[in-house]
Amino acid sequence: MSVEEYLYLIILPILALSILLIFVRFLIGPSLSDRVVALDLLVTCGTGIIAVYSIYTNQSDFLDIAMIFALIAFLGTVAFSYYLEKREKNE
Amino acid sequence: MNTVIFKSASTYLLPLLLLFSVFILLRGHYLPGGGFVGGLIASIAFIIHSAANGLEQTRSILKFHPGVLLLAGLTVALFSGISPMFIGEPFMKGLWFENPVPVIGMIGSALFFDIGVYLVVVGVTLTIIFTITETI
Amino acid sequence: MIKTRFLSNLLLAFIWLALTGNFNFGNFVFGFALAFLIMWVITVNRRENKYFTRLPLSIGFIFYFIYELIKANLQVAYDVITPSYYMKPGIIQIPLEAKTDLEITLLANFISLTPGTLSLDVSDDKKVLYVHAMYVRDKDKFIEGIKNGFERRLLNILR
Amino acid sequence: MELLLVFIIGLLYGAGVYMILRRSLVKLIIGLILMGNGANLLIFLLGRIVKGNPPLINSDANILGEIYADPIPQALILTAIVISFGLQSFAIILVKRAYKVVGTDDLDEMNATDEDL
Amino acid sequence: MNDIAIIILSSLGTLFILLAAIGILRMPDLYLRISVTTKAATLGIGLMLIAAAIYFNEVAVSSRSLAIILFMLLTAPVGAHMIGRASYFTGIKMWKGSIYDDLKGMYDPKTHELSSKPPKDESIAK
Amino acid sequence: MLIAVLSGFILALSLVITGKWIKGKGAPLVGLFPLALFGYFVSFFPAIMKGESLTFTYEWIPSLGVNLSFHLDGLSLLFCLLITGIGALVFFYTAPYLKEHIYLDRFFGYLSMFMGSMLGLVLSDNIITLFVFWELTSISSFFLIGFNNESEESRRSAMMALSMTGIGGLFLLASMIVLGTVGGSYEISTLLGSADMIKEHENYLWIIGLLFIGAFTKSAQFPFHFWLPDAMKAPTPVSTYLHSATMVKAGIYLLARFTPMLGETVYWNGTLIIIGSITMVYAAIHAVFRLDLKGILAYSTISALGILVFLIGLGTDQALLAAAVFILVHALYKATLFLITGIIDHETGTRDVSKLSGLNKVMLPVGIAGILAAISNAGIPPSFGFVGKDLIYEATLGFETLIWVLSGVALLTNICLMYAGFQAGIKPFTGQLPKAYEKVHLPSPLMWVPPLLLGSLGMVFGLMPFLIDKSLIQAVVNAMIRGGALDVELKLWHGFNLVLLLSGITLAAGFLLYYFLKPSALLEAKTNRWEKLSPKSLTKGLGGIFSGISKLWTGFFQNGYLRYYLIFALTFLTFILAYKLFKETELYINFNDLTGITFYEVAAMVIIAFAVLFTVLTKSRLAAVASLGVVGYSICLVFLFYSAPDLAMTQFSIDTLTVILFVLVIYNLPKYLKLSNQISRVRDGIMSVIFGALISILTLEVLNEPVLKETSQFYAENAYTLAKGKNVVNVILVDFRGTDTFVEITVLAIAALGVYSLLKLQLKSTEKE
Amino acid sequence: MAIAILLLFFWKKKNAQKLISVLGNLISVGIAIWLFYIVWENGIYFTQAGDWDAPYGIPIVADTLSAVMVLLTGICGLAVSVFSVGSVRNARVNFGYFPILHFLLMGLNGAFLTGDIFNLYVWFEVIIISSFVLLTIGGEKSQIEGSIKYVTMNLLASSIFLTAIAILYGLTGSLNMADLSLKVAALENRGLVNVTAFLFFVGFGIKSAVFPLYFWLPASYHTPPPAISAIFGGLLTKVGVYALFRIFSLIFIPDEFLLNLICTVAALTIFSGAVGALTQINLRKIFSYLIICHIGFMIAGLGMFTELAITGAIFYMIHDIIVKTNLFMSAGLIFKIKGTYNIKKLGGLYAAYPKLTLLMAIPLFSLVGIPPLSGFWAKIYLIDAGFQLKNYALVGFIILGSFLTLFVIAKVWSEVFWKESEELTAKEWVRYFKDLKPLKQKAIIIPILFLGLVSLYIGFGAEHIITVSSRIAHELLHTEPYIKTILQK
Ligand code: NA
Ligand code: NA
């Protein structure tokens, strides 16, 4: 079994499974914060998928996308935290 | 937001992200990236900074109104678009310097165009975000 | 002042080299120039920081961190995959010796990065750090662990 | 795989339609965004999809290899994405302004222009 | 050799991510979920990126992988901190099994200022 | 000739400029202008008498075949003379009549514009040009009727008149166009040559049907007649000029003009006879019961027009001759009656015939004019009216079938008309002068000379028909007869015959009626009651229904609810799309062309699907936004899987930004309310499922088609060699399709400007405009 | 475009903005005339952006239709620009009014001149966003409400347009319109082609406001300042019509079904617009509905799809652009005088301002098509074409539409100009005409006069317009030269 096959047959499915599990948390919430955390983790997990995928397809350029993911994923979290706090303040 | 952790993190993220954005901009012609994404990343850098430190501080870093960037970007793009017309070529014709420059590769009107795009995107995004934040 | 700036500049230039993966003089010069530009853009009066001053300490710290990381991860993993919960979570107030923003931030981040603990917030007078932890068998011991582990090592590097 | 994408595209369009028929202005914009995503995927799919071969010319080659993903749809989508970003952001701001002026995001409260003076 | 390293690293990384995924699903309260996920995932991704760096074996790729890891180390805890803090504001309760809450009552409800000393009495262990 | 026609318009314009002067002393002088034109047209007498006709052509729009071509023959000359002659008198009459009016200049302006249009109408040889002038008469009459524009009634009648003649005009236009297409030319003189061909053409019925509507509306034929009595709200000079002598005759002119081309078919003649007889009888009876002098005159005018239509419908040489004469007869006496009505109204302030009597004691010349006109109207020998009436009876008696019905109709009409004429021309001047009117005095000669002149002409032509029979009437008739070469000789006395008997009966019955039937409000009210069933109320009712439908239609579609607008649009799209898809294409899935499915792709898709559903169903805005973010990020993965790294990057960054924007904006919005009910949700749900399914099906079908990739092949091969880039997508963006990108950043820039101004610009309360 | 950027440099200086704006419009009219001259003398003028041969680059093509549209845009742009100087408040000028106006004009010109279907989409977006901004600038309640409807429908249209482009690209792999023409003709699956054509029809149909897709228009066009309504009323929907003509001559030849559909839609559009206008009392709403009604005329020309009909439709479009722009400006002037758009409250203008009334009578009666004013001549072609095709129902609707237009305008005339003036309380937020500086007064009147003269020219010089229109119709129905020129085959 080559590295590529291993990644393709074992790693990617597990990552996909993880991403589904995280998504379940996203769906069930219950609070917005839970969703935000799940969203953050989804993106992180996505970054992992990209890394593996770039090995699998031998396209190192895909790592750049991973880089962008890593950099700005947390912006969403920041925005939602900002929102939560502001809302709290306003009420 | 009033948190030390975020504030100091943002201080380091800002130059990092800006650097990264220019990197993405310049390699666009050869690899994934380009003016759009570069510009977006640059603006995200400023947005993070402003979320942590408040708008005023980000403003003082930026030194001018984002609208100026927008304008500069449009001008650069337009100029790179119409410059071929001055030498009798059609609009948007690609012009290139003879020799490649290290790091960036070939320098041509397309690059300037991309820089224009970059500036416009930064200008636009920041104008929008800053305006909203101000009027909240 | 000039020195620290120069150092930051240099550092950014190296990051540029790393990013582009193209190590030659021309690229370095370009990276340096670019970094200079960026620093010019972003500099407001703020305290400069020292990089690489305590390199060996840093490396030691990194290993310590990785050790903690793996240890805690296994602990959490066990808790996650076994059906019952062993954890005793709570939010703990930890007095801070770290003074500067950088110190506090780094400390808080490392605490957060270690599984099982999460820096929730720093008080506005920067005297205490509030940490959420999964395994707080003994509050004082826990605080002691953090102070002697992360904080001490970190401050050693930074000061 | 195309089948799945076809389904997703249909879903995005359908959901977009459903959302723009709601009374909330925010939902309306979300609907438009969903539909825009659907349209982008549609362009993408109809340009035919190729796995793992982005339209990048190898550093040692001068033309693209045998198999490559069609770059045109990608360029089109990129343009479309950015344009819709511009429109969306303006629309989102409009929500804000509308709320400020009208006091709600309920579209049913915004009918005055179709009534007689 | 490289292949084996890649396989081991990626497997480990994946395991950590899976762990985080199960964790976020299973953990009983938000703070625990944040706790579990931030680091497990960061670690997982880190390992995978190292695997990628080994696979491509190019300076450019390696440096990029390192950069990503660096970014994640910088951003993930900050994000966790922010959402955790905001959630505490909005009054998201801790799991019933929690034993301490030193934060209780420390926030000024108006200014959101956080004091280091409790307003009147000592924080009470649960 | 062109100048003659255009001079009316030029004068109209110059009047606007010299308005002040006109309002002062110059008013009567304006009348010299139509007088000069009258003289100009008189100068054509000799030529016309010789049977010649004159044509003048000026090219206007050659590619459409529209020329300013003018053709002067007997028929047009007659009308020209009426237009300019009566016009001149009306101009003189107006000067004192509206002396005090501040907008006298405008009035003259409209009047001369009208005169110009009318001249153009009767002179045009090109049917499009004819229509142009036709419409201009409608418009100028709109202005004239609504001249007293501050009175609501006057505005309403102007609207009514314009509506009727306007819609008629449009039908006429349609008719003219079809005629032009069928006959291959817009020139009447050319079309005359292909008359037989036109009559056999399948579109013949369209041509005459539409033409009739045009003519009938203009000439106030049943059932389109009712605008004319309403139009009497206009100042009297207008009524005189437009509604008796000239404009209403435009329809008659049209019928007369086209008789040689389109006539002599059962449809043509039959319709005209039927409509003409209904109109003449109906209006004549109405005229009998009116109290308002102008009302009487209006209905009798309608009736007279009916007679003309009827005569043209009969279509025999005899009938056409009668028509030619009657046009002149009617113009003379009706104009007179109108003018004196105006004087009476002007001096006494009333037009109620039951209140008027004995005015000859204070305004004898007017009385004389009235009596002369009434005589001519009644057809009492030796008036010109008598000649006319004889000719009418001759025509009915000479017709091939239904002689007695036709003659009876004519008889009945004439009796009523005679009564009406007496009411208008004699009743006010005879009998006891009421006290209230004792101080009434004769107005300026400019006012009473014109009616007297016209009234006398009715006598003069009666006594000396030779003055005009050869010179004018013969030419008129021959213009109406195809290849006509009729020799006309008018005589007052034909000897004892059936015609004379009918005339006698008319006179006797008329006198009896006048003697016994006194005008009363009661009778008028009774007739008014019929009005409920009259075309006027029917049309009004229809108009009401139509405006009801308009309101319903508009209210239904433009209901203010955006979602219904969307539903309408989407339903339209969906149904036709579905129809087309199922009818014209077939669906099959070509599994060979599909790429393989892997678990991670399925996972991404599942996430998209559920995230979309969650976005749709969640009750929290923020959750929806977050979920939207998930959709976007997953799409990002899809882009990544299928080799679009640039897209993935951009989508990711933009999605994040969108989320930020949303979050920044909606944090202070109130909670989502559950705003829609179950039914609408189900309805919208069904709609969206169908729509989504259709898009899916469409996509599948397109996927089955073969792939063409010529352009991308070119890009793939030349991106580096020609554009020096290796990221082909980026090369396309900044080079091959750089224009797109350029425009796109413009869009962004505008959006930013917009956001800026939308949020920053707070108009002060004084700047809201 | 350059002008818009230049204007941005003068963001703060409102007077400079006004001056540059007007000068810029003068220049663009000059360029437009030059372009028209070139095209008229030498046939299709085109340049390939980036010097990439078709179908690989984006061609900028001017055939007669495009050149005419550009010229009309220039003329209306100039008029509106001058009008804006007189009528738009400084508050708005300070927030980018003029630059965005120029972006809008640029978008229009771009849409008229592009030879690439996706590029057309992009230009459309420029038009949408700038009109969106112009519509909301100031952010009054009614403006916001109107613009929400406006933008939603238009974005829906864009989505549909984009979907259609996607399908077209999926079928042919090309975006160049000339190239598409050949490739679409060669496709075997006609069913799909027809479906795609229908999608385009709906996409552009929304933009050109046909039944049952027009609803956004009456909801929004009366809300912004008059100068903006003027440019909207004159030009915006016509871009949709232009696109319909372009697409359905160059790329698709409509099938029987689609033609019937277009005719039906045209008839209902005429009807809806006309009856809508009948029910309204707001001057600008009346004009808005009349836009819809008259769009129906143009679409009817397309639906009949003969050279005659298209000539008529093109002529009508030329006339309508000028006249509608002028009408909305006139409405603005009326508002400036009386402070309301409500025809029930208006009145007495004739008595008070006879010369202005005469001025405004030109567009009003031109619209009705009182011969020989400009609206008249096109109808001859349309009716003629209808009869030749035996499409009597459509002719009936055209006549009905014309009649109701006449009726409505007469009503407006009678209410606004004739009726006795009613004393209205002055609104403090209206800057009344009589209070304006003479220069501003002139800036309001001159454009109305200018467009009035243009429409008189269209009416009396119909020969020229007909020559142009029929050449356009011929070019639209015989696209071989276009394709040959672009593809250089
Ligand atoms: Na931790
Ligand atoms: Na943890």
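Let me start with the contact between chain D and chain F, to which chain D gives 88 residues and chain F gives 103 residues, contact meaning heavy atoms within 4.5 Å. This is a predicted model, in which local features need pLDDT of at least 70 and side-chain atom pairs count only at pLDDT 80 or more, while totals for chains, interfaces and linings use all residues. Side-chain values use heavy atoms, with hydrogens and water left out, residues are numbered from 1 along each chain as its sequence is written, and chains are lettered from A and ligands numbered from 1 in the order in which they are written.

Between them, chain D and chain F bury about 8,700 Å², with 75% of that on carbon and sulfur atoms; buried area here is the accessible area (1.4 Å probe) that two parts lose on being put together, summed over both.

As for specific pairs, there are 2 salt bridges between chain D and chain F, where a salt bridge is a side-chain nitrogen of Lys or Arg within 4 Å of a carboxyl oxygen of Asp or Glu. One of them joins D:Lys51 to F:Glu601, at 3.1 Å from N to O.

Turning to chain C, its pLDDT (the predictor's confidence in each residue, from 0 to 100) averages 73, and 77% of the residues score at least 70. Over residues 46-54 of chain C the pLDDT falls below 50, although this stretch has 15 contacts in the model beyond near neighbours in sequence. Where pLDDT is low, the predicted coordinates should not be read in detail.
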